[in-house]
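The sequence and structure are shown first.

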Amino acid sequence: MGDMPAFIPADVVEKSLDYPTLIPLLERALINFSMGSEGGVVQPVRTIVPVAKHRGFLGVMPAYSAVDDALTTKVVTFYENKLSSEIPSHQATVLLFDPATGVLKAVIDGKVITDKRTAAVSVIATKLLKSAHAEVLCILGSGAQALSHYHAFTQEFLFKEVRIWSRTGENAKRFAEAVGGKILVCSTPQEAVTGADVIVTATMSTQPVLFGDWVKPGAHINAIGACRPDWRELDDNLMKNCVLYVDSKEAAAKESGDIVLSQVEIKAELGELLNGTKTALPDKTTVFKSVGMAIEDTVSAKLVYDFWTMNKESE
Ligand SMILES: NC(=O)C1=CN([C@@H]2O[C@H](COP(=O)(O)OP(=O)(O)OC[C@H]3O[C@@H](n4cnc5c(N)ncnc54)[C@H](O)[C@@H]3O)[C@@H](O)[C@H]2O)C=CC1
Ligand SMILES: O=C([O-])C1=[NH+]CCC1
């Protein structure tokens, strides 16, 4: 028997992933993914096992990146009905293998990876698609993704105003107190969204929370939730009047209720904008519909493992 796999907990993952390092690696992964087999990314659309009795889902997300020579699978669970406020709605573990031998090298907390890589990809989309004069950021939702998006966006952009709305007003207030920055708590989603230049929807809603009538023409929306084919965050009006970008066309067309139910055509993947084969239209109202990709977890997990290997004596 060889060495036992490393167990890398959330606090180490937190320290190893900073946005300025993560973002360029994810840009490269998105480009490689969109190049098809030439890009050396092998990533099937994830398998989802519904746990209907408990309104939960288990997702299995394997990927290999030849450029990074990294092989992982993430296992993620997400539950609509939280039985305890102590248990996050989304939990995840990433297994990292030695691609040369198949040996399991590390079992890595996947929750922080999921929160941070998703926000980092939204930053990439926003750099490409926001208007040059964007000043107001609005976040709908106050959970884990709302928090990682707040941190990533306030680090990577200079917004004059940041607003938040959450279904439970108390949670929005608690969010604002916890982050400590200047943030306007809004009492309705319409109030939060009106006049915003960049919007993040990060809710567990299965019905639209963002309506096209409220959205300023030319705004950019990062739609993070509604990852099931019968779930929505955005209404038909918004979907039909935007230019639509995605992380993976294949996955989005299968998993995103906002796309499946509105039947709107996808303009491009982010990787196609980054490699210049398709054009970004930042003056239009744009939606980046994110469903989340395994390759994002792969490059993040490799970064975590490399950091852990370099620092393990001091951990
Ligand atoms: N695109 C991607 O790569 C990823 C997407 N997600 C999705 O992002 C969304 C947020 O995830 P987390 O922040 O981890 O969840 P969370 O449970 O930490 O937060 C969920 C938020 O949604 C709100 N919410 C729940 N039901 C709602 C409703 N009917 N209307 C309005 N707000 C409602 C809650 O109050 C809370 O603020 C989920 O839909 C999740 O599946 C999560 C991970 C990756
Ligand atoms: O990419 C991901 O890990 C997820 N997307 C939606 C739920 C979890």
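## Shell around ligand 1

Helix 3 gives the largest share of the shell around ligand 1, namely 3 residues; helices here are DSSP runs of H or I with at least four residues, strands are runs of E with at least two, and both are numbered from the N terminus. The model is a predicted one, in which local features need pLDDT of at least 70 and side-chain atom pairs count only at pLDDT 80 or more, whereas totals for chains, interfaces and linings use all residues. Residues are numbered from 1 along each chain as its sequence is written, chains are lettered from A and ligands numbered from 1 in the order in which they are written, and side-chain values use heavy atoms, without hydrogens and water.

At least two shell residues come from each of helix 3 (111-129) and helix 4 (144-156). The shell holds 25 residues, of which Ser89, His90, Gln145, Thr203 and Ser290 come nearest to ligand 1; a residue is counted as near if one of its heavy atoms lies within 4 Å. By class there are 9 nonpolar, 14 polar and 2 charged residues, where Ala, Val, Leu, Ile, Met, Phe, Trp, Tyr, Cys and Pro count as nonpolar, Asp, Glu, Lys and Arg as charged, and the others, Gly among them, as polar.

## Backbone contacts of ligand 1

Oxygen atoms of ligand 1 lie 2.8 Å from a polar backbone atom of Gln145, 3.0 Å from one of Met204 and 3.4 Å from a backbone N or O atom of Gly143. The protein buries 87% of the 860 Å² that ligand 1 exposes when taken alone (Shrake-Rupley method, 1.4 Å probe).

## Surroundings of ligand 2

Ligand 2 is surrounded by residues including Met61, Phe78, His90, Thr114 and Cys227. The shell divides into 4 nonpolar, 3 polar and 3 charged residues. Side-chain polar atoms approach oxygen atoms of ligand 2 at 3.0 Å from Arg46 and at 2.7 Å from Lys74, while a backbone N or O atom of Val291 lies 3.0 Å from a nitrogen atom of ligand 2. Of the 250 Å² of accessible area that ligand 2 has on its own, the protein covers 92%. Strand 5 (70-79) and helix 3 each give two or more residues to this shell.

## Strand 12 and its partners

Strand 12 (residues 220-223) runs parallel to strand 11 (residues 198-201), joined by 4 bridges, with Ile199 opposite Ile221. Strand 12 also pairs in the parallel sense with strand 15 (residues 286-289) over 4 bridges, where His220 stands opposite Thr286; pairing requires at least two DSSP bridges.

In a regular strand, side chains alternate between the two faces of the sheet. In strand 12, His220 and Asn222 point one way and Ile221 and Ala223 the other, and all are buried (under 20% relative accessible area, with a 1.4 Å probe and protein chains only).

Methods:
Polar contact = N/O pair within 3.5 Å; in protein donor to acceptor, adjacent residues only side chain to side chain. Buried < 20%, exposed > 50% of the residue type's maximum accessible area, 1.4 Å probe, protein only.
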